2 protein chains.
Amino acid sequence: MSDAEDFEAAVAAVREEIDPSPAERERMESVADELRERAERAIAALPVDADVLQVGSTARGTWISGDRDVDVFVRFPTDLDREELEEYGLEVGHSVLPEGHEEYAEHPYVKGSVDGFDVDLVPCYDVDDAAAIRSAVDRTPFHTEYVAERLDDDLAADVRLAKQFLTGIGAYGSDLRTRGFSGYLTELLVLEYGGFRELVEAAAEWHPPVELDPEGHAAETFDDPLVVIDPTDPGRNVAAVLSAENVARLQHYARDLLDDPREELFFPDEPDRFSPDDVEAAIDDRETTPVAIRFAAPDVVEDQLYPQLARSLDGVAEDLDRRGFDVMRSTAFADERAVLLAELGVAERPTIERHEGPPVHVRDHATGFYEKYADDPDAYGPFIEDGRYVVEREREFHTAAAFLHSDRLLDVRLGTHVESALEDDYDVLVGEEIAALAEEFGVELARYFDPEP
Amino acid sequence: MSDAEDFEAAVAAVREEIDPSPAERERMESVADELRERAERAIAALPVDADVLQVGSTARGTWISGDRDVDVFVRFPTDLDREELEEYGLEVGHSVLPEGHEEYAEHPYVKGSVDGFDVDLVPCYDVDDAAAIRSAVDRTPFHTEYVAERLDDDLAADVRLAKQFLTGIGAYGSDLRTRGFSGYLTELLVLEYGGFRELVEAAAEWHPPVELDPEGHAAETFDDPLVVIDPTDPGRNVAAVLSAENVARLQHYARDLLDDPREELFFPDEPDRFSPDDVEAAIDDRETTPVAIRFAAPDVVEDQLYPQLARSLDGVAEDLDRRGFDVMRSTAFADERAVLLAELGVAERPTIERHEGPPVHVRDHATGFYEKYADDPDAYGPFIEDGRYVVEREREFHTAAAFLHSDRLLDVRLGTHVESALEDDYDVLVGEEIAALAEEFGVELARYFDPEP
């Protein structure tokens, strides 16, 4: 087979698995119709007018077989104040989904289940254009309209392929844990390049920053690896949360897929959990000094938790580096408990540390520095190197563990809720002690110790 | 006493010790006269004309009591070729110093002893001005003339103080081991500032680069911490070999002298030799990992040896740093044997080292890197961080000693003669083994472990 035939064969096999069957489509459409009717009846009982829209991938024909999410928006006039909107929105929600419960995103909304589908019933404002939104959900109808008008059945099928491929490589989802490609971003990329294969071929050659502006109306510049100006809002980069890592990941696997087209790249592959013994064997082989801080995971949503863990991990890793323990790699896990793990290339440091003072010619500073250390019985020097005073003074912490056990850990730049959790309580695990993490985080540890792009 | 009185009291005590007595002066002058007469007689027997000049500090009145160096130059016409100059020069030399022996600097010359004085009899060319010299010695008569014309007895006495002070703080001498202040540079500085105290007060406030141009005729710019344009040659910085360290050292001790004037600053203070036990105690206290390479000192003059040792030490220290052993301080010693000593903050490194590859978007390089490591059973990764491939590969050396024992040591940037010596043979000493160096380098080790500005 030619390369192109290999590619089409792999893709055809994937399509088999992800394209909704006619029966599945029909079920979904009948549920959507039913929901719309219920919503319209509920609106008729309100003192204001509103319209009902189905949004999201089920509305755009880009949903993947097995997806069960149906998003229904109720769009109210902009002269309603926020409290009224919320009140009427919930009224319609409870009427449409009598068994549903309230959740809270930008507004409170009702979530429920109808014939096996997960339904969100969300109120929004009927703004004139996407640049005039009052809250993020107001933008969604514009996205749905833009995409639905332009995607034919073939392109919609290619969007499904693209989403499935991004899922397979771990780069799908604009939540702040993944920082990957959103559904809308995937749709715009397939539209821009004209198909899945065309997107993959383009991504394999990207030189970030890559800037796309489908409507040619960009009103701002962005400092992101991928910039896709929202066709419905010239001031917004649809790829704003996408990490450089996920851009590179798409590039890597795009080349891999073109080079050796195969179905398995489309389906995420969960590694075998690491047992405590596996962790010990890995540490033994690597000879590094892993250290971990373990604490009760802060009770906040994932979109708050993961950025805070990332920020805290950076803070801890920077401090460990500054103190001479050379962080080789680090990562954070969260479940019931949260873990900040740093793997060190230096287990122990000597008594002394070098401390460079000012250039000798900066008289006041230099004299102050000299006098501070000249009579310190624990310091060697000051002496002069390259025109500066240098002293070898006593080091604060000889091991990373001593630092992590100390109060100084709380001086590190930490996420707010992580800081509170650490103030409350935490464990420090050192070396083979981190094998104990395998019980809660065996899969994460397997990924950590056998890393892939 | 006032500060000024303290200063004058200290200085007066120093003058007592360093000013030559009238009897000493007379002896020196009678030797100089005798040498001149002998040289003139020898010249009379030559087929060319030449004149005789006394140069150096004894000619300028800036010599310190006890100095025994008398430099006599024989100045030949420029129409002599080099071979004739050397032949006639040696003929005069042997005639003046019948017991003398030949040495070689820019030209061969004769060195001998007369009435307890060490005499150099050196041939040079009678060039029109110092910018037209054929070899460095041709410049000396211009320096002597310039300084002798301008230094009165008081200033000459202050030059002696300045030289003695620079000697006391270890910054006197333009040899390439010291990289300090030459006699001529010291004379120019005392002339420029108008006295010893004035020089000290100025130096305490210097903000390098400091640029002095006594004749206002600079014809070039220099990238040195102190620039003193030669009054006899607009294209030359008299302070070219002076290190930033010695500039800073003068600044430090100038402030110290002004702050607490005392005689001891003028006289170098040799520390008590370190015994092997002292070295062990120091390492024990510091908890560092010292490593040393010891080899037969190359048989070259000090002005070749020390720059080569410095270059080799830099090369070794850079490589140790690059390999993750964190050189905290390093130094070189030389006597019969030479030693490159580096004190490490990291004793041991794990199996793996981080190795960053190219950004994933640089397709050819990135693919090459990925393919190189993807099938390496000893490597972890490649994985992606910040848009780059990163791999954890097997580290070449886990300890500094393993590296120093290996052939890779010879790949380091080394001085030529040091490289030959290492090719021949060397020892590696690690940790407390360096105590064995105390026998040959006890004073140097005392200075190293009790460093001063």
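Helix 7 (residues 183-193) and helix 8 (residues 196-205) of chain B pack at an angle of about 90°, their axes 8 Å apart. Axes here are lines fitted to C-alpha atoms, for helices over the stretch in contact, and angles run from 0 to 180 degrees between N-to-C directions. Helices are DSSP runs (H or I, at least four residues), strands likewise (E, at least two), numbered from the N terminus. That angle makes helix 7 of chain B roughly perpendicular to helix 8 of chain B, a label for 65 to 115 degrees. On the helix 7 side of chain B, the contact (heavy atoms within 4.5 Å) comes from B:Leu189, B:Val190 and B:Tyr193, and helix 8 of chain B answers with B:Phe196, B:Glu198, B:Leu199 and B:Ala202. By class, that's six nonpolar, no polar and one charged residues; Ala, Val, Leu, Ile, Met, Phe, Trp, Tyr, Cys and Pro count as nonpolar, Asp, Glu, Lys and Arg as charged, and the others, Gly among them, as polar.

A word on ground rules: this is a predicted model, with local features needing pLDDT of at least 70 and side-chain atom pairs pLDDT 80 or more, while totals for chains, interfaces and linings use all residues. Residues are numbered from 1 along each chain as written, chains are lettered from A and ligands numbered from 1 in written order, and side-chain values use heavy atoms, leaving out hydrogens and water.

Now for the interface. 51 residues of chain A are in contact with 51 residues of chain B. Together the chains bury about 4400 Å², 52% of it on carbon and sulfur atoms; buried area is the accessible area (1.4 Å probe) that two parts lose on being put together, summed over both. Eight salt bridges turn up across the interface of chain A and chain B, counting a side-chain nitrogen of Lys or Arg within 4 Å of a carboxyl oxygen of Asp or Glu. In the one between B:Arg329 and A:Glu392, the closest N and O atoms are 2.6 Å apart.

Most residues other than glycine have a negative phi, and most peptide bonds are trans.

| Site | Backbone value |
|---|---|
| A:Gly381 to A:Pro382 | cis, omega near 0° |
| B:Pro208 to B:Pro209 | cis, omega near 0° |
| B:Arg179 | phi near 50° |

A:Pro382 sits in strand 13 of chain A. B:Pro209 is in the loop between helix 8 and strand 6 (210-212) of chain B, and B:Arg179 lies in the loop between helix 6 (153-168) and helix 7 of chain B.

How values were computed: Parallel < 35°, antiparallel > 145°, perpendicular 65-115°, else oblique.
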